[in-house]
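Biologist: Could you put the model up on the screen? I'd like to go through it with you.

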Amino acid sequence: MIIQILLICFFVFAMIRVVARYRLGDLMKDGLVMWLIFWVSASFVVAMPDFTYYLARLVGVGRGADLIVYISLVILFFVFFRLMVKQEKLNRDITKLTRKIALNEKKEETKV
């Protein structure tokens with residue numbers, strides 16, 4: 001089917017971009033592995049749609065597409081949670097750093 005060819009071409013393009021980001025140093029090795037596994041898995045699912053149907057029936061879901069949607073939602077919520085935790089940590093770190101800089105500047109002002 002045309003959609004399968006287009007999607008697999010996009011997935012190959014995405015894998016090339018992931019490797020390029022890794023080579024530029026924008027992505028660490030664990031990120032490289034995770035994204036490559038993701039894109040290869042997506043390619044497999046697109047190339048073999050009957051496999052998702054088999055997995056869906058195995059876990060008690062009616063259709064393979066439903067299984068993919070459920071798994072995607074769980075992963076998206078987990079990633080969102082992790083990002084929120086990282087953002088909170090960054091906010092705390094920025095606050096600590098700002099306080100430290102302000103205190104150092106105040107000390108320098110009082111010395112003069």
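Biologist: Let's start with M48: how exposed is M48?
Modeller: M48 is partly exposed, with a relative accessible area of 46%. The term "partly exposed" lies between buried, under 20% relative accessible area, and exposed, over 50% (1.4 Å probe, protein chains only). Before we go on, this is a predicted model, where local features need pLDDT of at least 70, side-chain atom pairs count only at pLDDT 80 or more, and totals for chains, interfaces and linings use all residues. Residues are numbered from 1 along each chain as its sequence is written, and side-chain values use heavy atoms, with hydrogens and water left out.

Biologist: Where is M48 found?
Modeller: In the loop between helix 2 and helix 3. Helices here are DSSP runs (H or I, at least four residues), numbered from the N terminus. M48 and Q4 are 44 residues apart in sequence, and their C-alpha atoms are 9.5 Å apart in space.

Biologist: At what angle do helix 2 and helix 3 cross?
Modeller: The axes of helix 2 (residues 29-47) and helix 3 (residues 49-59) cross at roughly 95 degrees and come within 4 Å. Axes are lines fitted to C-alpha atoms, for helices over the stretch in contact, and angles run from 0 to 180 degrees between N-to-C directions. Helix 2 and helix 3 are therefore roughly perpendicular to each other. The cut-offs are under 35 degrees for roughly parallel, over 145 for roughly antiparallel, 65 to 115 for roughly perpendicular, and oblique for the rest.

Biologist: Which residues meet there, between helix 2 and helix 3?
Modeller: F44, V45, V46 and A47 are on the helix 2 side, and P49, F51 and T52 on the helix 3 side. Contact means heavy atoms within 4.5 Å.

Biologist: And helix 1 with helix 2, at what angle do they pack?
Modeller: Helix 1 (residues 2-24) packs against helix 2 at an angle of about 175 degrees, with the axes 10 Å apart. Helix 1 and helix 2 are therefore roughly antiparallel to each other. Helix 1 contributes Q4, L7, I8, F10, F11, A14, M15, V18, V19 and Y22 to the contact, while helix 2 contributes K29, L32, W35, L36, W39, V40, A42, S43, V46 and A47.

Biologist: Take S43 from that list. Is S43 buried or exposed?
Modeller: S43 counts as buried, at 14% relative accessibility. S43 lies in helix 2. Leaving aside neighbours within four places in sequence, S43 is in contact with I8, F11 and M15.

Biologist: What about helix 3 and helix 4, how do their axes cross?
Modeller: At roughly 75 degrees, and the axes come within 7 Å. That makes helix 3 roughly perpendicular to helix 4. On the helix 3 side are T52, Y53, L55, A56 and V59, which meet G64, L67 and I68 in helix 4.

Biologist: Which residues does Y53 touch?
Modeller: G62 and G64, not counting residues up to four places away in sequence. Y53 is partly exposed, with a relative accessible area of 45%. The C-alpha atoms of Y53 and L67 are separated by 8.3 Å, and the two residues are 14 apart along the chain.

Biologist: New topic. How many salt bridges does the structure hold?
Modeller: Three. A salt bridge is a side-chain nitrogen of Lys or Arg within 4 Å of a carboxyl oxygen of Asp or Glu. One of them joins the side chains of R21 and D26 at 2.8 Å, N to O. R63 and D66 also meet this way, at 2.9 Å, N to O. K89 forms a salt bridge with D93, with the closest N and O atoms 3.0 Å apart.

Biologist: How far along helix 4 are K89 and D93 from each other?
Modeller: About one helical turn, because they are four residues apart in helix 4. K89 is partly exposed, at 45% relative accessible area, and D93 is partly exposed too, at 34%.

Biologist: Last one. Which residues form the nonpolar patch on the surface?
Modeller: I71, I75, F78, V79, F81, L83 and V85, with about 670 Å² of accessible area together. Patches are made of residues with over 30% relative accessible area and no salt bridge, with like charges joined within 9 Å and nonpolar side chains (Val, Leu, Ile, Met, Phe, Trp, Tyr) within 5 Å. Accessible areas come from the Shrake-Rupley method with a 1.4 Å probe, and for residues only the protein chains shown count as cover. L83 is found in helix 4 (residues 64-111), and L83 is exposed, with a relative accessible area of 51%.

Technical notes
Helices (H or I, at least four residues) and strands (E, at least two) are DSSP runs, numbered from the N terminus.
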